[in-house]
Amino acid sequence: MSDVLALYRVQQLELEIIGHTKRIKSIDQLIENDEALREAEAAFEAAGTEFEDADKRAKDMEFEIAALQDKQQASETLLYSGEVENPKEMQDLQMELESLARRKDVLDDELKRLASERNGCQQNLKECESNLKATRTARAAENKELLEEKENLATQVNEKLTKRKAAVKKIPADIFKTYNSMRAKNSNRPVSVLKDDACTVCGIEQNSMVITAINRSDDIVRCQSCGRILIKL
Ligand SMILES: [Zn+2]
């Protein structure tokens, strides 16, 4: 194998390792930043608080009505007990009972409204809960696939790192040093394939001197335009 071909193989391995590593990172982010799940959790929590508040308002009203009924009963008992004989006092009691009855009508209406509000909140809470459950189930299945993919990629990365190490050993140190020094400024592609007499990375067609040099020897020949090491496969 020529040194250039060996370099090209190392480059291919490195590009695959970089690609896999990027995908592993994006899988981690996908699992971590699950917006739909966060939204479903937040909605469920908010619906829970709303229901508790509505429930408390309705219960407070029930207590208020119960207290009013106690008062009504006490006044009625007193009115018909025979203990109150003074007409003025009796009239006051009767007026109080009428006032209590009017107040109770108002509170009953208010309780109806609050109970309906509570039902609405309860319904919403149930919907949020089932949505959260469905989102969690869907995510668990999706994450399972993603985690399997990640595991598979990690295994491949390790295999490719081992292959790369072995491939690098076969390349003369000075040539590999040149390759390495070119990596950063060439987007990890210091070696470019020559196809139809043109460099496939920059697209520039090479002159006959370059073509002849590539065809004649295994020496390193550079692209006239981008300076990459050219290889004819
Ligand atoms: Zn080029």
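## How exposure is judged

A residue counts as buried if 20 or more other C-beta atoms lie within 10 Å of its own, as exposed if there are 12 or fewer, and as partly exposed in between, with C-beta atoms placed from the backbone. Keep that in mind, as it comes back throughout.

What you're looking at is a predicted model, where local features need pLDDT of at least 70, side-chain atom pairs count only at pLDDT 80 or more, and totals for chains, interfaces and linings use all residues. Residue numbers start from 1 along each chain, following the sequence as written.

## Two domains

The domain assignment of the protein gives domain 1 (16–162) and domain 2 (173–231); bounds of this kind come from an automatic or database domain assignment. Taken over C-alpha atoms, the centres of domain 1 and domain 2 are separated by 67 Å.

## The helices

Helices here are DSSP runs of H or I with at least four residues, strands are runs of E with at least two, and both are numbered from the N terminus. The expected span of a helix is 1.5 Å times one less than its number of residues. Helix α2 (residues 35–79) has 45 residues and reaches 66 Å from its first C-alpha to its last, close to the 66 Å expected. For the 30 residues of α1, the span should be 44 Å, and the end C-alpha atoms are 43 Å apart, which agrees.

Which residues of α2 are buried? They are Ala40, Ala47, Phe51, Ala54 and Ala58, and what covers them includes α3 (87–169). In α1, the buried residues are Val4, Ala6, Leu7, Tyr8, Val10, Gln11, Leu13 and Ile17. Their cover includes α3, α4, β1 and β3.

Helix α3 is also where you'll find glutamate 145. Glutamate 145 is exposed, with 10 other C-beta atoms within 10 Å. Between glutamate 145 and glutamate 98 there are 47 residues in sequence and 71 Å in space, C-alpha to C-alpha.

Three strands make an open sheet in the order β2-β1-β3, with mixed pairing. β2 (198–199) and β3 stand at the edges with a single partner strand each, so one side of each has no neighbour in the sheet. Two strands are said to pair if DSSP finds at least two bridges between them. In general, strands of a sheet pair through backbone hydrogen bonds, either parallel or antiparallel.

The pairing of β1 and β3 is parallel, over three bridges, and here valine 191 stands opposite isoleucine 229 in β3. The pairing of β1 and β2 is antiparallel, over two bridges, and leucine 194 stands opposite cysteine 199 in β2. Helix α1 lies across β1 and β3, running at about 100° to β3. That angle is between N-to-C directions, on a scale from 0 to 180 degrees, using axes fitted to C-alpha atoms (for helices, over the stretch in contact).

## Nonpolar cores

A nonpolar core is a set of buried Ala, Val, Leu, Ile, Met, Phe, Trp, Tyr and Cys residues joined through C-beta atoms within 7 Å. The largest one has 16 residues, of which Val4, Leu7, Val10, Val191, Ile229 and Leu230 touch the most other members. At least two residues each come from α1 (3–32), β1 (191–195) and β3 (229–231), with α1 giving the most, seven residues. Another core lies apart from it, with seven residues, including Phe51, Ala54, Cys121 and Cys128.

What does leucine 230 touch? Leaving out residues up to four places away in sequence, leucine 230 touches Ser192, Leu194, Cys199, Ile214, Val221, Arg222 and Cys223. Contact means that two C-beta atoms, placed from the backbone, lie within 7 Å.

## Positive phi angles

Most residues other than glycine have a negative phi. Asparagine 188 isn't a glycine, yet has a positive phi of about 65°. Asparagine 188 sits in the loop between α4 (173–183) and β1, and is exposed, with 12 other C-beta atoms within 10 Å.

Aspartate 197 also isn't a glycine, and its phi is positive, near 65°. Aspartate 197 lies in the loop between β1 and β2 and is partly exposed, with 14 other C-beta atoms within 10 Å. The hairpin of β1 and β2 has two residues between the strands, and aspartate 196 in this hairpin takes a positive phi near 50°.
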